[in-house]
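Q: I have not looked at this one before. Can you walk me through it?

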Amino acid sequence: MLFSAVTVLLVACRKDSFDYGVFIGADINQQKKYECYDNIVVDPSSFKGKQVETLKADGKNVHAYLNIGSVENAQPYYKRYEDVMLVRYDGWPDEHWADVTKEKWQRLVVQNQARVYKKRGLDGLFIDNTDVYYQYHMPEVDACITQTTGVQADYQRRRRLCF
């Protein structure tokens with residue numbers, strides 16, 4: 001009897017949905033995977049506009065994953081940004097820390113990614129790897145991270161993005 005009561009209690013306490021889920025490298029065709037999430041974080045290089053529209057039509061808020069502190073070899077721009085790579089990201093063999101002080105990197109993150117994601121109708125940005133500052137603890141790195149994360153606030157307010 002105790003087992004049944006615990007089972008009923010667990011089933012009754014289970015949430016129908018979760019606040020958010022991060023799906024980097026995920027396949028949009030696995031629609032079931034997204035059903036229980038109100039907010040979905042996707043890698044926009046893997047998702048087409050129509051796929052984002054489908055998720056939004058299902059009532060989801062769709063946010064773009066934006067890696068501002070490291071260069072991932074799975075990204076289409078990887079080869080063009082080898083000159084901003086610093087040391088290998090410990091624990092992530094296919095990633096290098098990025099020199100966020102380089103104007104070339106800043107243009108990629110703000111103009112070529114964040115602005116494009118806004119135009120594609122994504123609801124916001126999920127910014128990752130701001131901890132590059134702890135790897136390269138310099139005032140210039142701090143300033144660049146602060147400015148770049150400020151893009152998120154502008155994005156959310158639907159203002160013009162600037163760096």
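A: This is a predicted model. A place to start is strand E3 (residues 61-67), which pairs with E7 in the parallel sense over 5 bridges.

Q: Which residue stands opposite Asp128 in E7?
A: Asn67 stands opposite Asp128.

Q: What order do the strands of the open sheet have?
A: The order is E1-E2-E3-E7, an open sheet of 4 strands with parallel pairing. Strand E1 (18-23) and strand E7 (124-128) are the edge strands, each pairing on one side only. From one strand to the next, the twist averages 30°.

Q: And which helix lies across E3 and E7?
A: Helix H3 does, covering residues 103-119. Helix H3 runs at about 170° to E3.

Q: Other topic. In what sense do E5 and E6 pair?
A: Strand E5 (residues 85-88) pairs with strand E6 (residues 95-98) in the antiparallel sense, over 2 bridges. Met85 has Ala98 in E6 as its bridge partner.

Q: How many residues are between the strands in that hairpin?
A: The hairpin of E5 and E6 has 6 residues between the strands. Gly91 in this hairpin takes a positive phi near 90°.

Q: What is the lining like by class?
A: The lining of the largest pocket has 6 nonpolar, 3 polar and 5 charged residues.

Key. Residues are numbered from 1 along each chain as its sequence is written. This is a predicted model: local features need pLDDT of at least 70, side-chain atom pairs count only at pLDDT 80 or more; totals for chains, interfaces and linings use all residues. Side-chain values use heavy atoms; hydrogens and water are left out. Ala, Val, Leu, Ile, Met, Phe, Trp, Tyr, Cys and Pro count as nonpolar, Asp, Glu, Lys and Arg as charged, and the others, Gly among them, as polar. Two strands pair if DSSP finds at least two bridges between them. Axes are lines fitted to C-alpha atoms, for helices over the stretch in contact, and angles run from 0 to 180 degrees between N-to-C directions. Contact means heavy atoms within 4.5 Å.
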